Amino acid sequence: EVQPKNASALHMLGLLAHGVGQKEVAVTLIAQAIECAGDAAILYANITEMLRQLGRVTEAISYGERGIKLSSVAPANFSNLGIAYY
C-alpha cells in the first residue's frame, strides 16, 4: 500500500501468488512490475514461464522475445522462451 509502484515488491508478490497456485494473479502482478521497471530481464523470464503454464503461449513468446532483447546474457529468458516455443 505504501509503494504501489514498487517493481521489486510486485515481482515478489507475483512469485508468491504463483507459488500458491494463483497463476492469473501472478501474471497480473508481474505485468504491473514490468510497467514500473520494464528493464529487468528476470521479470520477462518469469512472466514468460507463467503465461506458458496458463496456455497463453503467444503472449509468453512475446514477453520472452522482449526479455532477450533486453539482455542477451540472461539464460532464464532463453530457456523459458525455448520451452514456450516447444
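Which residues have the most contacts inside the largest nonpolar core? They are I30, I34, I47, L51 and Y63, and the close-ups below look at the parts around them. This is a predicted model, where local features need pLDDT of at least 70, side-chain atom pairs count only at pLDDT 80 or more, and totals for chains, interfaces and linings use all residues. Residues are numbered from 1 along each chain as its sequence is written, and side-chain values use heavy atoms, with hydrogens and water left out.

**View 1. The largest nonpolar core has 21 residues.** A core here is a set of buried Ala, Val, Leu, Ile, Met, Phe, Trp, Tyr and Cys residues joined through side-chain atoms within 4.5 Å. Buried means under 20% relative accessible area, exposed means over 50%, and partly exposed is in between (1.4 Å probe, protein chains only). Helices α1, α2, α3, α4 and α5 each put in at least two residues, and α2 gives the most, with 7. Helices are DSSP runs of H or I with at least four residues, numbered from the N terminus, while strands are runs of E with at least two.

**View 2. Helix α3 (residues 41-53) is mostly covered, with 10 of its 13 residues buried.** The buried ones are A41, L43, Y44, A45, N46, I47, T48, E49, M50 and L51. Their cover includes α1 (7-19), α2 (23-36), α4 (57-70) and α5 (75-85). Just after the helix, G55 takes a positive phi of about 85 degrees.

**View 3. I34 and I47 are in contact with each other.** Contact means heavy atoms within 4.5 Å. Skipping neighbours within four places in sequence, I47 is in contact with V27, I30, A31, I34 and Y63. I34 is buried, at a relative accessible area of 7%. L10 is 24 residues from I34 in sequence, but their C-alpha atoms are 9.1 Å apart.

**View 4. Y44 and Y63 form a tilted aromatic pair.** Rings of Phe, Tyr and Trp (its six-membered ring) pair if their centres lie within 6.5 Å; planes under 30 degrees apart count as stacked, over 60 as edge-to-face, and the rest as tilted. The centres of this pair are 6.1 Å apart, with 45 degrees between the planes. Y44 is in helix α3 and Y63 in helix α4, so the pair ties together parts 19 residues apart in sequence. Y44 is buried at 5% relative accessibility, and Y63 is buried too, at 17%.

**View 5. The side chains of E49 and Q53 make a polar contact at 2.9 Å.** A polar contact is a pair of N or O atoms within 3.5 Å; within protein, one must be able to donate a hydrogen and the other to accept it, and residues adjacent in sequence count only if both atoms are side-chain atoms. E49 lies in helix α3 and counts as buried at 16% relative accessibility. Leaving out residues up to four places away in sequence, E49 touches N80 and I83.

**View 6. In α4, the buried residues are A60, I61, Y63, G64, G67 and I68.** Seen down the helix axis, they fall within an arc of 165 degrees, so they line one face; the arc is that of the directions from the axis to the C-beta atoms. T58 and K69 are exposed on the other side. Cover for the buried residues includes α2, α3 and α5.

Definitions and conventions: The expected span of a helix is 1.5 Å times one less than its number of residues.
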